[in-house]
Amino acid sequence: MDNEKRNETQPHRRRPRYKGTHPRHFNEKYKELNPEKYGDIVDKVIRKGGTPAGMHISIMVQEILDFLQIQPGQQGLDATLGYGGHTMKMLECLQGEGHIYALDVDPIESARTKERLLQAGFDEKILTVRQLNFAEIDQVASETGKFDFVLADLGVSSMQIDNPERGFSYKSMGPLDLRLNPEKGVPASERLKELSKEEIEGMLMENADEPYAAQIASAIKKEEKKGRAVETTAALYEIIRQVLPKMPEKERKEAVKKTCQRVFQAIRIDVNSEFEVLDAFLEKLPLVLQPGGRVAILTFHSGEDRLVKKSFKRLAKEGIYREAAGEVLRPSVEECYKNGRARSAKMRWAIRA
């Protein structure tokens, strides 16, 4: 009888079918999206140098752990939780003693990651996850006390990039959103309507050094006047494709790709006020570190790296940091081969006086 009732309340559902031999769309990748159930498929994708749908492969994990020198009993902060790969490795270093606080503005992914880490055996006794912008680290430290180590990974998570509903990539059709927290602020499509042609051009230049900034800004506003505001990733991609000058097809394909990457990145930085947030984080950072406390920051954009470099250099000169990285650390050739998204990563570090 119990089995009959269970069958009535939970009818069997076949997975949605897709055309062809392999899934093409994000939501159809049912095996990759369930790594715990289909580990062999996930391993196969990673071995081929890809990132499974809905996953994020953490970058420079060993280099970060080697620098942070985490000891059992310490208190740490992962300022950018993401998929939780770095967090899990840091938690393992604590060996059940101490605590890590993890922050993320994304309500969708932070909830999933918290559940994933809980299933891995890391509960509230050793891990606290908060949906909070990392610019507010002083607020966290006022409640928890100072930290022995801090990590900030400034890259956008692969889960966000791969999900077409988030609008982070020109490769998939979706709404032009680009917000790290889709519950706050305005999407990129609305932001572009608010800005003048000159402001869009300036934003593309400042955030991405975009050589076709003037032409792209002009084209966006022309489309608006025709009643065709840029609402989707595909619409922005088409504008970029049309704007680029004539050149051999092979060169043109690569130029469109690079331009799209720069433009989407520039708009994302603007929508999320990323430089302003990073500035606030860097100014507050020494205030939340214990004497001798260590911080490692991963950047993926030259503008971010410049801000981190200048802050660390200035504060080391003032004696606030005992030591700071003179040169950036980069991922190994082997890591870049296995994970193409690691190629632009740079790591800088500092130690509190």
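I take helix axes as lines fitted to C-alpha atoms over the stretch in contact, with angles running from 0 to 180 degrees between N-to-C directions. I class angles under 35 degrees as roughly parallel, over 145 as roughly antiparallel, 65 to 115 as roughly perpendicular and the rest as oblique.

**Entry 1: ground rules.** I am reading a predicted model, in which local features need pLDDT of at least 70, side-chain atom pairs count only at pLDDT 80 or more, and totals for chains, interfaces and linings use all residues. I number residues from 1 along each chain as its sequence is written, and side-chain values use heavy atoms, with hydrogens and water left out.

**Entry 2: the chain as a whole.** I find 15 helices and seven strands in the protein chain; these are DSSP runs numbered from the N terminus (helices H or I, at least four residues; strands E, at least two). Of its 353 residues, 47% count as buried, where buried means under 20% relative accessible area, exposed over 50% and partly exposed in between, for a 1.4 Å probe and protein chains only. I looked up contacts next (heavy atoms within 4.5 Å). Among those between residues at least 6 apart in sequence, 70% join residues at least 24 apart.

**Entry 3: α9 against α12.** I started with the helix pair α9 and α12, whose axes lie 9 Å apart at an angle of about 100°. The two helices are therefore roughly perpendicular to each other. From α9 the contact uses Met203, Leu204, Asn207 and Ala208, and from α12 it uses Arg262, Val263, Ala266, Ile267, Ile269 and Asp270.

**Entry 4: nonpolar cores.** I count as a nonpolar core a set of buried Ala, Val, Leu, Ile, Met, Phe, Trp, Tyr and Cys residues joined through side-chain atoms within 4.5 Å. The largest one has 33 residues, and those with the most contacts inside it are Leu176, Leu192, Leu204, Ile220, Leu236 and Ile267. At least two residues each come from α8 (188-194), α9 (197-208), α10 (213-225), α11 (233-243) and α12 (249-271). Which helix gives the largest share of this core? I find that α12 does, with eight residues. I then checked Ile220: leaving out residues up to four places away in sequence, Ile220 touches Leu192, Ile200, Val230, Leu236 and Ile239. A second, separate core has 30 residues, including Leu94, Ala325, Cys336 and Ala345.

**Entry 5: α3 against α4.** The axes of α3 (residues 61-68) and α4 (residues 85-94) come within 11 Å and cross at roughly 40°. That makes α3 oblique to α4. I note Val61, Ile64, Leu65 and Leu68 of α3 meeting His86, Lys89, Met90 and Cys93 of α4.

**Entry 6: two positive phi values.** I found Met60 in the loop between α2 (39-47) and α3, with phi near 55°, a positive value in a residue other than glycine. Asp209, in the loop between α9 and α10, has phi near 50°, again positive in a residue other than glycine. Is each of them buried or exposed? Met60 is buried, with a relative accessible area of 0%, whereas Asp209 counts as exposed at 51%.

**Entry 7: Thr299.** I looked up Thr299 in strand β5 (residues 289-299). Thr299 is buried, with a relative accessible area of 1%. Not counting residues up to four places away in sequence, Thr299 touches Leu154, Glu304, Asp305, Val308, Ser344, Ala345 and Lys346. One of these, Ala345, I had already listed in the second core.
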